[in-house]
Amino acid sequence: MRGLQAVVDRIGLIQIDSVNVLARAHLMPLYSRLGPYDPNLLHQASGRAPRRLVETWAHEASFVPPETYRLLDWRRRRVGTEAWGSISSVEDEHPDLVREVRDCVAGHGPVTSREVHALLDHDNPRDRDNWGWNWSAAKRALEYLFFTGEVAAARRNPQFERCYDLTERILPAGVQAAAEVPEPDAIRALVEIGARAHGVGTEACLRDYFRLRPEPTRRALAELVEDGVLQPVEVEGWSRPAFLHRDARLPGRATARTLLSPFDPLLFERRRVHDMFGMHYRIEIYTPAEKRQFGYYVLPFLLGDQLTARVDLKADRAARVLRVLSAHAEPAAHAGTADELALELAELARWLVLDGIEVAAPYLGAFARPLAVRLGRAPSSVDGADLRTAVVS
C-alpha cells in the first residue's frame, strides 16, 4: 500500500475507463510503475474507509485523493457550464425525479444505477408515458448528482458499476470538515499537481491534466513561477515554452521496462509524447477496423527512457492466453528490444493470471515474428533455439 500511495502522490490521478480488452484502465498505471502488484490494494484504497482515493470528474472520470476531490468543488458548482448537456439540464427538466433519486440513494445506498431504477419502479408504480421519465432520465439524474458531488461512488462492483452513496458517507471526516478552497487557489493547486506529475511540461500539458480552461491556468502558472514552484525553461526540440517543477529530478540512469496503457497519464498530451519520444500516438478504439494503423488496444513499450515499440494486446480470459495481435518497432528500438519486450509480456501475462502468450499470425509489425520466435511459437533462424522457457518461466 505504501508503494501505491507513493505512485498516487507522484501522478495525482488515475483515469478510469470501462474498456476491458486487456485490463481495466485504472489498474494499468500502477502496474506500469509498481510491476505485478495486487489489484485488491486499489479496490481497498478506493472502496473502504478511510479512502485514499475517491472517484470524480478530473481529467475524465478519475480516482483522486480525497484532498484533490475538494479542489474540484468549483467545477461541481458550475454544473451548467462544466458538465455535458445531457446531464447539465436534467434538474430543470426533471426536478422531481432528481429529488426522488437523491432520496433513494440516501435511503438505500450504496446502490447501482440499475438498483436505483428498480427501487423507483417499485416505489412509484406509475405509467411512465404520463409520468415523463424512463431509464435514461433516471440515469441522467444520478449522473447529475454524481457530477455535483451530492452522491459519490462508494466502490465499483465486479461488473464495474458504480455503487452510489451520499458523499458525506464516503469522504473522510477531516476532508469534509476542511474549509472551502477559493477557486483561484484550487486551480493553482491543480496546476501544481499536474506539474509535479510531469516534471517538465508546457502550458497545454499542465492545463490538460485536469481539463482546465486557458485563462485560469495562465494566471496559476504566473503565480507558481513568481513563488518559485515552477521555473520557465526551454526544452531542446520543443517549439513551446515549458515549465520545470522545483522538485523534478534528473536520474543518473533510466532502467524502466514497462507497458503503458492508452489511458496512462504519461500519454495524456499527445504532442508531448511526440516531442519527448518521437512517437505519434493515437487511440484507435473508435477507428473502424479497416482504417486502424496499429490496432484496437495498443500499448507503447517504455524501455529505459525511450518508447521503443508498441503492441496491440488482448487478454483472452476464456483460453487463458495473452494474445499479441501486432508488435511494431519504433525508431528508438535497438537489438535487445524484442528480448526485453518478450520478458515484459511474460510478466504482464503472469499478473493477469494467464497461462501463455500467443502471437497472432499472419505476423503484423516488425517485432511480431521475433516475439513469436522467442516464445517458441515460430521457427527460429538462430540454431533452432526455443527460448519460450527462458522467457515465460
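The following questions and answers go through a predicted model, one local feature at a time.

Visitor: What should I know about the numbering and the model before we start?
Guide: Residues are numbered from 1 along each chain as its sequence is written. This is a predicted model, where local features need pLDDT of at least 70, side-chain atom pairs count only at pLDDT 80 or more, and totals for chains, interfaces and linings use all residues, while side-chain values use heavy atoms, with hydrogens and water left out.

Visitor: Which residue in β8 stands opposite both glycine 201 and proline 232?
Guide: Helices (H or I, at least four residues) and strands (E, at least two) are DSSP runs, numbered from the N terminus, and two strands pair if DSSP finds at least two bridges between them. Strand β6 (residues 200-202) is joined to β8 (residues 242-245) by three bridges, running antiparallel, and β7 (residues 230-233) is joined to β8 by four bridges, also antiparallel. Glycine 201 faces a phenylalanine in β8, and proline 232 also has its opposite residue there: phenylalanine 243.

Visitor: How many disulfides does the count come to?
Guide: A disulfide is a covalent bond between the sulfur atoms of two cysteines. Here the rule asks for a pair of cysteine sulfur atoms within 2.5 Å. The sulfur of cysteine 163 has its closest cysteine sulfur in cysteine 104, at 13 Å, which is too far for a bond. The count comes to zero.

Visitor: Is cysteine 163 buried or exposed?
Guide: Buried means under 20% relative accessible area, exposed over 50%, and partly exposed in between (1.4 Å probe, protein chains only). The relative accessibility of cysteine 163 is 4%. By that value cysteine 163 is buried.

Visitor: What kind of aromatic pair do tyrosine 209 and phenylalanine 210 form?
Guide: Rings of Phe, Tyr and Trp (its six-membered ring) pair if their centres lie within 6.5 Å; planes under 30 degrees apart count as stacked, over 60 as edge-to-face and the rest as tilted. By this rule there are five aromatic pairs. In the pair of tyrosine 209 and phenylalanine 210, the centres are 5.8 Å apart and the planes stand at 75°, so the pair is edge-to-face.

Visitor: How many residues apart are tyrosine 209 and phenylalanine 268?
Guide: These two residues form a tilted pair, 5.6 Å centre to centre with 55° between the planes. The pair links distant parts of the chain: tyrosine 209 is in helix α15 (residues 203-209), and phenylalanine 268 is in the loop between β9 (257-259) and α17 (270-277). Both residues are buried.

Visitor: Over which ring does the charged end of arginine 24 sit?
Guide: A charge sits over a ring if NZ of Lys or CZ of Arg is within 6 Å of the ring centre and within 35 degrees of the ring normal. Arginine 24 has its charged end 4.2 Å from the centre of a phenylalanine ring. Arginine 156 lies over the face of phenylalanine 160, at 4.3 Å from the ring centre. The ring under arginine 24 is that of phenylalanine 160.

Visitor: What is the phi of phenylalanine 160?
Guide: Phenylalanine 160 is in the loop between β4 (151-156) and β5 (162-166). Its relative accessible area is 12%, so phenylalanine 160 is buried. Phi is positive here, in a residue other than glycine, with a value near 70°.

Visitor: Which element gives the most to the lining of the largest pocket?
Guide: On a 1 Å grid over the protein atoms alone, a cavity is a set of points where a 1.4 Å probe fits but cannot get out, and a pocket is an open set with protein on both sides within 12 Å along at least five of seven lines; lining residues have an atom within 4 Å of a point. Grid points are joined across faces, edges and corners, and a volume is the space filled by probe spheres set on the points. The largest pocket, of about 1,400 Å³, is lined by 36 residues, with His198, Arg249, Pro251, Leu266 and Met276 nearest its centre. With four residues, the element that gives the most is α1.

Visitor: What is the volume of the largest cavity?
Guide: The count comes to one cavity of 30 Å³ or more. The largest cavity is lined by Thr56, Trp57, Arg75, Arg76, Phe146 and Phe147. Its volume is about 40 Å³.
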